[in-house]
Amino acid sequence: MQLRIATRRSALALWQAEHVAAQLTGAHPGLEIELVPMTTRGDEIQDVPLASLGGKGLFLKELEVALLERRADIAVHSMKDVPMTLEPEFEIAAVLARADPFDAFVSNRHASLGDVPAGARIGTSSLRRQAQLRALRRDVEPVDLRGNLNTRLAKLDAGQFDAVILACAGLARLGFEHRIRARLDAPEWLPAAAQGAIGVECRAGDTATEQLLAPLADPPTTIRIEAERAMTRRLQGSCQVPIAAYAVFDGDQLHLSGLVGDAATGELVRAQASGSANEAASLGETVATMLLERGAGRLLGVMGRPPDPP
């Protein structure tokens, strides 16, 4: 039996597709895997901030077309890039065990964010990262940074930035873990919903493919991601809104922290709550409602994405 995997052409995307392929062949000896690399609109447009282009779906559309046209059977994504609501023709059939979910401070000259001088240029394309950066260091300059991981590191090494903020998971997967000078982690700094997790998408109702993917799913990660994405979905989150969410197990309870920020001012609204792991989606909605009650709706409105009424 053969399975075709649609993937973006970037080094990180190919690593993730090959990782899924290895997991699949380990679970199903004899299964033949073919990678179907392609370029998405999000990959092609590198000189415009991602938020102004329409957000995360830019990295999925071409892969989903390949699924619909049956040129591929599954597509592999970074879950943080997957829109909060999929078209009805598709489903996320498996979420793999999560890698390090946090952001990394990367610099050739400074050991941590606290060490950079006033006026330092910090590269990041994420409004979520920009909002938290301004909250911690109002005296530095966030500068938009697009491109794949190698390109971003090359721009740092060329002296265009004093530091850049990248995902720990991506750096580790491509062998750049040694470039991490400091981890930006909870509770002070929160990641994007589902950051560090790989998801596998297939056509909705494709039972045979669902069965092939079932052994790859990691239940604890799936539960954590469900809570984080439910919170973000309730807030109508996308790349156009600085929203962060992080869920972690505390014994048999699931604890979720969330924030909404303003990338221009560094204002942050935070909320957190705990609940049963069996009600992860409900926990996400609860934290979203708390954020709205504390003023997040105003920030969401400022960003042009007014939430549904609580």
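This is a predicted model: local features need pLDDT of at least 70, side-chain atom pairs count only at pLDDT 80 or more; totals for chains, interfaces and linings use all residues.

User: How many helices and strands are in the chain?

Analyst: The chain holds ten helices and 13 strands. Helices (H or I, at least four residues) and strands (E, at least two) are DSSP runs, numbered from the N terminus. Of the 310 residues in the chain, 54% are buried, where buried means under 20% relative accessible area with a 1.4 Å probe, protein chains only.

User: Which residues of helix H6 are buried, and why do they line one face of the helix?

Analyst: An α-helix has 3.6 residues a turn, so residues three or four places apart point the same way. In helix H6 (residues 149-157), the buried residues are Leu149, Arg152, Leu153 and Leu156. Viewed down the axis of H6, these buried residues fall within an arc of 95°, so they line one face of the helix; the arc is that of the directions from the helix axis to the C-beta atoms. They pack against strand E5 (103-106), strand E8 (163-167) and helix H7 (168-173), contact being heavy atoms within 4.5 Å.

User: What is found at the start of H6, and what follows H6?

Analyst: At the start of H6, a side-chain oxygen of Asn148 comes within 3.2 Å of the backbone nitrogen of Asn150. H6 is followed by Gly159, which has a positive phi, near 90°.

User: In what order do the five strands of the open sheet stand?

Analyst: Strands of a sheet pair through backbone hydrogen bonds, either parallel or antiparallel. Here the order is E7-E6-E8-E5-E9, with mixed pairing; two strands pair if DSSP finds at least two bridges between them. Strand E7 (141-143) and strand E9 (182-184) are at the edges with a single partner strand each, so one side of each is left without a neighbour in the sheet. From one strand to the next, the twist averages 30°. Strand E6 (residues 121-123) pairs with E8 in the parallel sense over two bridges, and Gly123 has Val164 as its bridge partner in E8. H6 lies across E5 and E8, running at about 165° to E8; axes are lines fitted to C-alpha atoms, for helices over the stretch in contact, and angles run from 0 to 180 degrees between N-to-C directions.

User: How many residues of strand E10 are buried?

Analyst: Strand E10 (residues 198-203) is mostly covered, with six of its six residues buried. Strand E3 (residues 74-78) pairs with E10 in the antiparallel sense over five bridges, and His77 is opposite Gly199 in E10. Strand E4 (residues 90-95) also runs antiparallel to E10, joined by five bridges.

User: How many residues has the largest nonpolar core?

Analyst: In soluble globular proteins, nonpolar side chains tend to be buried together. A nonpolar core is a set of buried Ala, Val, Leu, Ile, Met, Phe, Trp, Tyr and Cys residues joined through side-chain atoms within 4.5 Å. The largest has 24 residues, and those with the most contacts inside it include Met231, Leu256 and Leu291. Helix H10 (280-302) is one of the elements that each supply at least two residues of this core, and the largest share, ten residues, comes from H10. Apart from this core lies another, of 17 residues, among them Ala21, Leu31, Ala94 and Val200.

Key
Residues are numbered from 1 along each chain as its sequence is written. Side-chain values use heavy atoms; hydrogens and water are left out. Buried means under 20% relative accessible area, exposed over 50%, partly exposed in between (1.4 Å probe, protein chains only). A polar contact is a pair of N or O atoms within 3.5 Å; within protein, one must be able to donate a hydrogen and the other to accept it, and residues adjacent in sequence count only if both atoms are side-chain atoms.
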